[in-house]
Amino acid sequence: MLPAIGNIVTWQYTGYNMIIMYAALQAIPPDLYEAALVDGATGWEVARYIKIPLIAPAIVLTCVFSIIGSLQLFTEPSIMSTLAPTVIQDHYTPNLYAYTLAFTNQQYNYSAAISFTLGAIVFVCSYIFMFATNRGRAR
Amino acid sequence: MHKANPQIYMTDFPPGDPGWFNGLSWQAGSRPFKVNGTNVSIHLDDAPALQVANYWGTLINQKVIQTAPDFTNDWYAGLGKGIYATWITAAWGPVFLSGVAAQSSGKWRAAPLPHWTPGATATSNWGGSTDAVTTQSQHPKEATEFAMWLNDNKQSTLELNQKQFLFPVVKSVLSDPSFNAPLSFYGNQQVNQIFASASNNVDTSFQWSPFQDYVYTQLGDQLGSAISGKITFEQAMHNLQNNVVNYAKSQGFTVTS
């Protein structure tokens, strides 16, 4: 089930992430590419040594969005639950559980508590990720 | 039959359709709820329910029936191609089946549901439809009159049955010749007569709970775990009973179990 959901989500957000990285790539000064050409760098080496380091903040951004999106996953399990009811039960992801609690079980307060807790966890995870990637940057 | 051709199954046990399972337990004599205001007595794991659960559990473990979700494209194709020999269904089944499994026209017949004790006539209910007028309606009187007309008028109920496969709610339609006509999809059997006689035998002492959504979701979860082999079917019913009792108590009902 997880690879199936991963497949759907990957295709769904590839374009979105691509646009963010494409915009970041526009900010790279073209004379770096000319210097690389003079040095005889291949396409892969240009990507590895010029592009990726210079769009690192954009890559971090897309990673943070992906982490948040995964923690908040709801749509894909919800759709798949009719096709695979033995695998996807009402607590497959936190958001699915909050939804079931609110709209099926009528336990609104419990559902709200779950939503807030999930929000706090997302906040902590994003902060840890950004802290870890920021530490590596030269100051 | 399954040994002869491993591709086909006796029938399908839909894991995500607790209403179907509920109908079968009802027919076996299970009466899980008795509701009196906020006093609820809960016996989801009474003997008939366990009997039904164990029966289907054994069949599933022997792999003679499949456990695919129902009302999906794969399931419709399965019915049309003859992968499922039978379909245990309700009175809205005949026209519905002829719509979704059109390629198997002529090969189906209807028969009454088998009973647990020989010679018994108990039947039950699987789902249904209602027409409701909400409090936000700006013309509640007219809406109510229309809802009543929809289910009372002979022409309307005939069309509801023939075009929408809803079981008739008026006796005049039940005895109408067009309702009792032989259907070519079923080899010219008068299919609806079986359902008409079944509708007389539904034991109406069955009661629903005030939180049936929750019960159904939990039943679906537990049956799903049982089908994947994590727990036995009997354990699934006991888990269901415990979960529903705890839920009812936390929602403020006075529970006896």
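Trainee: How much area is buried between chain B and chain A?
Mentor: About 1000 Å². Buried area is the accessible area (1.4 Å probe) that two parts lose on being put together, summed over both. Carbon and sulfur atoms give 53% of it. This is a predicted model: local features need pLDDT of at least 70, side-chain atom pairs count only at pLDDT 80 or more, and totals for chains, interfaces and linings use all residues. Residues are numbered from 1 along each chain as its sequence is written, chains are lettered from A and ligands numbered from 1 in the order in which they are written, and side-chain values use heavy atoms, with hydrogens and water left out.

Trainee: Which residues of chain B lose the most area to chain A?
Mentor: B:Pro69, B:Asp221 and B:Tyr247. Together they make up 34% of what that side buries.

Trainee: And how many residues are in contact?
Mentor: 16 residues of chain B are in contact with 13 residues of chain A. Contact means heavy atoms within 4.5 Å.

Trainee: How many salt bridges across that interface?
Mentor: The rule finds 0. A salt bridge is a side-chain nitrogen of Lys or Arg within 4 Å of a carboxyl oxygen of Asp or Glu.

Trainee: New topic. How many residues has the largest nonpolar core?
Mentor: 54. A nonpolar core is a set of buried Ala, Val, Leu, Ile, Met, Phe, Trp, Tyr and Cys residues joined through side-chain atoms within 4.5 Å. Buried means under 20% relative accessible area, exposed over 50%, partly exposed in between (1.4 Å probe, protein chains only). B:Phe13, B:Phe21, B:Ile42, B:Phe211 and B:Val244 have the most contacts inside this core.

Trainee: Which element gives the most to this core?
Mentor: H10(B), with 8 residues. Helices (H or I, at least four residues) and strands (E, at least two) are DSSP runs, numbered from the N terminus.

Trainee: What does B:Ile42 touch?
Mentor: Its partners include B:Phe33, B:Phe211, B:Val244 and B:Ala248. Residues up to four places away in sequence are not counted.

Trainee: Back to helices. Is H1(B) largely enclosed or open?
Mentor: Largely enclosed by the rest of the structure, because 11 of its 11 residues are buried. Among them are B:Trp20, B:Phe21 and B:Trp26. The cover includes H2, H9 and H10 of chain B.

Trainee: What comes just after H1(B)?
Mentor: B:Gly29, with a positive phi of about 110°.

Trainee: Which residues have a positive phi without being a glycine?
Mentor: A:Gln106 is one of them, at about 60°. B:Asn188 is another, at about 65°.

Trainee: Where is A:Gln106?
Mentor: In the loop between helix H6 (94-103) and helix H7 (108-135) of chain A. A:Gln106 is partly exposed, with a relative accessible area of 41%.

Trainee: And B:Asn188, buried or exposed?
Mentor: Exposed, at 55% relative accessibility. B:Asn188 sits in the loop between helix H7 (171-174) and H8 of chain B.

Trainee: Over to chain A. At what angle do helix H3 and helix H4 cross?
Mentor: Roughly 60°. The axes of H3 (residues 43-54) and H4 (residues 56-71) come within 4 Å. Axes are lines fitted to C-alpha atoms, for helices over the stretch in contact, and angles run from 0 to 180 degrees between N-to-C directions.

Trainee: Which residues make the contact?
Mentor: A:Ile52, A:Pro53 and A:Leu54 come from H3(A). A:Ala56, A:Pro57 and A:Ile59 come from H4(A).
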